[in-house]
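Dear colleague,

Please find below the structure that I am handing over to you. My notes on what was found in it follow directly after.

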Amino acid sequence: MTDPQNHQSNPETLQGEASPEELEAAQAANEADALAATGAEIAELKARNAELADQFLRAQADVQNARRRADEEITKGRKFAIESFAESLVPVLDSLEAGLAHKDATPEQIREGAEATLRQLKSALERNKVIEIAPAAGSKFDPHQHQAISVVPVEGQEPNTIVGVLQKGYTIAERVLRPALVTVTPAN
């Protein structure tokens with residue numbers, strides 16, 4: 001049998017309060033649970049970190065590959081961009097060589113050959129978007145396409161207009177390759 005005196009000697013046990021040993025054990029269990037949860041969270045974060053590091057490395061490799069491919073395309077573009085232009089000029093070269101090979105040509109034949117070769121050259125340039133800038137006298141001076149060499153007063157002509165062209169200019173794909181050298185009337 002149980003000793004009624006013994007139960008009364010430990011009133012805390014009767015009232016349901018935990019002993020210091022039980023409190024310590026419960027606290028240790030709580031700490032173990034928290035430690036296990038923290039360990040699981042650390043493992044999850046490490047896995048996520050590894051996944052993100054892998055994604056970063058792949059993205060970095062993709063960027064480097066794209067940059068390399070773009071550089072190769074630019075190199076090829078530069079290397080072969082002139083190919084079409086060169087193909088257009090080869091017939092002009094052939095005509096010049098044929099004209100020079102003709103030793104007994106008359107001045108008229110030389111002139112006709114030179115004019116035909118000039119037409120070929122102009123055609124080749126136009127096919128490759130090299131367009132002549134040759135403004136007419138009296139047209140408005142455009143500093144984006146013309147370079148004024150001198151100012152000449154002309155009676156009856158508007159101010160800041162072209163009097164004459166000293167040298168033709170050229171554009172390539174609407175970009176000025178060389179401005180036309182012109183004389184202009186004075187601006188007001």
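**Findings**

Gln-157 is partly exposed, with a relative accessible area of 25%; on this scale, buried means under 20%, exposed over 50% and partly exposed in between, using a 1.4 Å probe and protein chains only. The model is a predicted one, in which local features need pLDDT of at least 70 and side-chain atom pairs count only at pLDDT 80 or more, whereas totals for chains, interfaces and linings use all residues. Residues are numbered from 1 along each chain as its sequence is written, and side-chain values use heavy atoms, with hydrogens and water left out.

Gln-157 sits in the loop that runs between strand E2 (146-151) and strand E3 (162-167). Its contacts (heavy atoms within 4.5 Å), not counting residues up to four places away in sequence, are Gly-138, Ile-162, Val-163 and Thr-185. Between Gln-157 and Val-184 there are 9.9 Å from C-alpha to C-alpha, at a sequence separation of 27 residues.

As to the overall fold, the chain contains 5 helices and 6 strands, in the order α-α-α-α-α-β-β-β-β-β-β along the sequence. Helices (H or I, at least four residues) and strands (E, at least two) are DSSP runs, numbered from the N terminus. The chain is more spread out than a compact globule, because its radius of gyration is 46 Å, well over the 16 Å that the globule rule gives for 188 residues. That radius is taken over C-alpha atoms, and the rule is 2.2 Å times the number of residues to the power 0.38. Along the principal axes, the C-alpha atoms fill a box of roughly 150 × 55 × 20 Å. Of the 188 residues, 11% count as buried.

The largest nonpolar core has 6 residues: Ile-133, Phe-141, Ile-162, Ala-180, Val-182 and Val-184. Strand E6 (residues 180-184) gives the most to this core, with 3 residues. Such a core is a set of buried Ala, Val, Leu, Ile, Met, Phe, Trp, Tyr and Cys residues joined through side-chain atoms within 4.5 Å. Leaving aside neighbours within four places in sequence, Val-182 is in contact with residues including Pro-135, Phe-141, Ile-162 and Leu-166.

Asn-128 lies in the loop between helix H5 (107-127) and strand E1 (130-133). Asn-128 counts as buried, at 16% relative accessibility. Setting aside residues up to four places away in sequence, Asn-128 touches Ser-84, Phe-85, Ser-88 and Ile-172.

Yours sincerely
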